[in-house]
Amino acid sequence: MEKNVFIFLTAYSPRWNIIASRRIEGLAHYISEFFETYIIAGIPKSLDQSEVYFDYDIGSANLIEVPSLFSKKKSSTRHSVQRLEKKPSLNLDKLKKYVKLESLPFLEMFLPVSPGGMVYHNQKKFLEELEKIVIREYGKKKIYIFASYGPSFILKIAKKIKKKYPLVEFVADFRDWAYRYYEGFFYNSVLYKFYTKSLLKTANKITFVSKVMLEYYKEKLNLSQSLLLLPNGFDPLKIQSLGKSTEHDVKTINKVNIIYTGSIHYKMRNPERFIHCLGQYIKSSSTQITFTYAGRDLKIIEETVTKYNIKENFVYIGLLSHKASLMLQQEADLLLLLAYTGKDQLIGSSIITGKFFEYLASGRPILVIGPESWEMREIVESDMVSKVIQDNDCEAIKRFLDGFHEAMKQFNLTKRSEFLEIFSYKALAEKLRKFVSEGYDEGTF
């Protein structure tokens, strides 16, 4: 029996070493067991070796990459160090970032751009590659297009194909907010609300990474389509391939190695207040703290640890491959997750980066800096040690670190393991398969 066709449309190729790429990689890997699967994905015209993900695994899916029209500005560790030496102040960087954030929604409405170096995509080529597959299979097989926002031109392409080929099933996927996005004033405007709704006008079904987002859009955009909660997840095969135990030994020595892997964001994932609290704790405690960072934002982290006098406690690992990052996570005494450090509590409660699920799978305790209402709070705290603490709550951070070694005697991964089964990409792909082929709605984990 011939398989129906499933097409992932995304701005982020699985071959790109960024967390946004892992969602499509994981889903495609397992959905390809059920469908003839294609991934049409954007990729910057040129990448540093550190930005190429060599260990990607998309199963039997076919990858069609569309290079950007303009090269992405390279952001290697060497360049970060050079910028640090040339510009000791962050003020100019902050101003540039602010201007970029406020202009991005306007650009997105008219141009095929995505953030992260402001990549300018070849929208015409995206459309051509998608239409080739649709024309070849149209009327012969059922065709599903899973278009993952953002940026918004991805949904525009799927919308255009749906209008031209009405038998195609258009599934809109929100891995990020569009309307009400935290990135700027205009995203919260009535105009952008109607723009977002217009993108979904021809969508048959819609998926969301967050329950908060699903419920908010369903009400505010008056959505009538079938909706599915489809969170980010992790691939258990990648964890198993490390060949390391995820069971954590309880250490009796008075040391804690705190590890953070990932990117920094001034408005959303800003480490400054946490580092400030950590600096205060180190001064008053006999516990030996090491703060280890792996990622591309050396400049921001190094200036901040210097500002709060904990540079002697700071270790920089570098920008790691995905596999090396997973291995580093398993070496932590405590993993730090900057979930959300902004002011919008609604948005903050829904921000669930794909990094979180890697952390869950690491078998290590996690300190989450985020709002009390964070959507994953019950899950992260199920191991009896991990904690969600609000940004700048120095007293709570101090109490947590003071009691960390004693609490580790109660560390229990049983409940976390049950949640991990739900968030494996194999289980999520099965959930997606049922949703598109059987049409059921689901708004819970």
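Modeller: Start with Phe6, which stands opposite Tyr144 in strand β6. This is a predicted model, where local features need pLDDT of at least 70, side-chain atom pairs count only at pLDDT 80 or more, and totals for chains, interfaces and linings use all residues. Residues are numbered from 1 along each chain as its sequence is written, and side-chain values use heavy atoms, with hydrogens and water left out.

Colleague: Why are β1 and β6 said to pair?

Modeller: Two strands pair if DSSP finds at least two bridges between them. β1 (residues 5-10) and β6 (residues 143-149) have five bridges, in the parallel sense. So they count as paired. Strands here are DSSP runs of E, at least two residues, and helices are runs of H or I, at least four, numbered from the N terminus.

Colleague: How do you know that β1 pairs with β2?

Modeller: Six bridges join β1 to β2 (residues 36-43), and the two run parallel. Phe8 stands opposite Ile39 in β2. From β1 the chain passes through helix α1 (residues 19-31) to β2, a right-handed β-α-β crossover. Right-handed means that, with the strands pointing away from the viewer, the path from the first strand over the helix to the second runs clockwise.

Colleague: What makes both faces of β1 covered?

Modeller: In a regular strand the side chains alternate between the two faces of the sheet. Val5, Ile7 and Leu9 lie on one side of β1, Phe6, Phe8 and Thr10 on the other, and all are buried. Buried means under 20% relative accessible area, exposed over 50%, partly exposed in between (1.4 Å probe, protein chains only).

Colleague: Why is Ser21 called buried?

Modeller: Ser21 has a relative accessible area of 0%, and the limit is under 20%, so Ser21 is buried. Ser21 is found in helix α1.

Colleague: What makes Ser13 and Ser21 a polar contact?

Modeller: The backbone oxygen of Ser13 lies 2.8 Å from a polar atom of the Ser21 side chain. A polar contact is a pair of N or O atoms within 3.5 Å; within protein, one must be able to donate a hydrogen and the other to accept it, and residues adjacent in sequence count only if both atoms are side-chain atoms. The backbone oxygen of Trp16 lies 3.2 Å from a polar atom of the Ser21 side chain.
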